[in-house]
Amino acid sequence: MAIEGFEPFFCPRRSVPLSKLGEVPMSREFDIAAVVVFVGHLYTEAHQSKQWVFVADGSTSTLDSNDESETLMATSFTSPCIETDSFAPINSNLVGSVVSFCNLIKRARDNVNNLRVAEATENSTYYLKFDHSHCSHMKEASASAERWAKISGSRLERLRGKVLSIISCR
């Protein structure tokens, strides 16, 4: 009877588009391929280095959408402060690049700014190349995000503007 009631707990890795992030349970890991829209400055808080990175993947885009923030996800990267010369986990040169993020944790939605929110942990990684054996499941999603980025220059600029308006209010 125990064998009949057994449900496997292994879920194969797959990329989750922003449009389907609502289906991921809170505090659960997920992977996403997205365009880096904005990279925040590294700052220190409570003996930790922190950085916010904003991404979009085009999966939630509608041409007549007035709310650009609906297409964004903010991800928090945190690491212990070891020295005063901490390095940023995400380089600002990655703005406009498609990046594959693995093992992010879904956090509560920021309803004030209408943003999806994720957290990177010590298990989180990111890749710029998608033929790597660790993230081969991201190949199709990254290609889709790259196609979207190529035709969405003005939309990406509006998203950057939205991010700047959000962070300037804080």
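**Ground rules**

I remind myself that residues are numbered from 1 along each chain as its sequence is written, and that side-chain values use heavy atoms, with hydrogens and water left out. As this is a predicted model, local features need pLDDT of at least 70 and side-chain atom pairs count only at pLDDT 80 or more, while totals for chains, interfaces and linings use all residues.

**Entry 1: helix 2**

I looked up its length: the expected span is 1.5 Å times one less than the number of residues.

Which residues of helix 2 are buried? I found Arg 155, Leu 156, Leu 159, Arg 160, Val 163 and Ile 166. (Buried means under 20% relative accessible area, exposed over 50%, and partly exposed in between, with a 1.4 Å probe and protein chains only.) Seen down the axis, these buried residues fall within an arc of 145°, so they line one face of helix 2. The arc is taken from the directions from the helix axis to the C-beta atoms. On the face turned away from the buried side I noted the exposed residues Ser 154 and Ser 168.

Next I checked what covers the buried residues of helix 2: the list includes strand 1 (29-39), strand 3 (48-56), strand 6 (115-120) and helix 1 (139-150). Contact here means heavy atoms within 4.5 Å.

**Entry 2: helix 1**

Helix 1 has 12 residues and reaches 17 Å from its first C-alpha to its last, close to the expected 16 Å. Its buried residues are Ser 142, Ala 145, Trp 148 and Ala 149. They cover an arc of only 125° around the axis, which puts them on the same side of helix 1. The face turned away carries the exposed Lys 139, Glu 140, Arg 147 and Lys 150. I also saw that the buried residues of helix 1 pack against strand 1, strand 3, strand 5 (98-110) and helix 2.

How many residues of strand 3 are buried? I read 7 of 9, so strand 3 is largely enclosed by the rest of the structure.

Then I traced its pairings (two strands pair if DSSP finds at least two bridges between them). Strand 1 pairs with strand 3 in the antiparallel sense over 4 bridges, and Val 39 stands opposite Val 53. Strand 2 (residues 43-45) is joined to strand 3 by 3 bridges, again antiparallel, with Thr 44 opposite Ser 49. These two strands form a hairpin with 2 residues between them, and Ala 46 in the turn has a positive phi of about 55°. Strand 4 (residues 73-80) runs antiparallel to strand 3 with 8 bridges; there, Met 73 is the bridge partner of Val 55.

**Entry 3: strand 6**

Strand 6 is mostly covered, with 5 of its 6 residues buried. Does it run parallel or antiparallel to strand 4? I found them parallel, joined by 5 bridges, with Ala 74 opposite Val 117. Strand 5 and strand 6 run antiparallel with 4 bridges, and Asp 110 stands opposite Leu 115. Their hairpin has 4 residues between the strands, and Asn 114 takes a positive phi near 55°.
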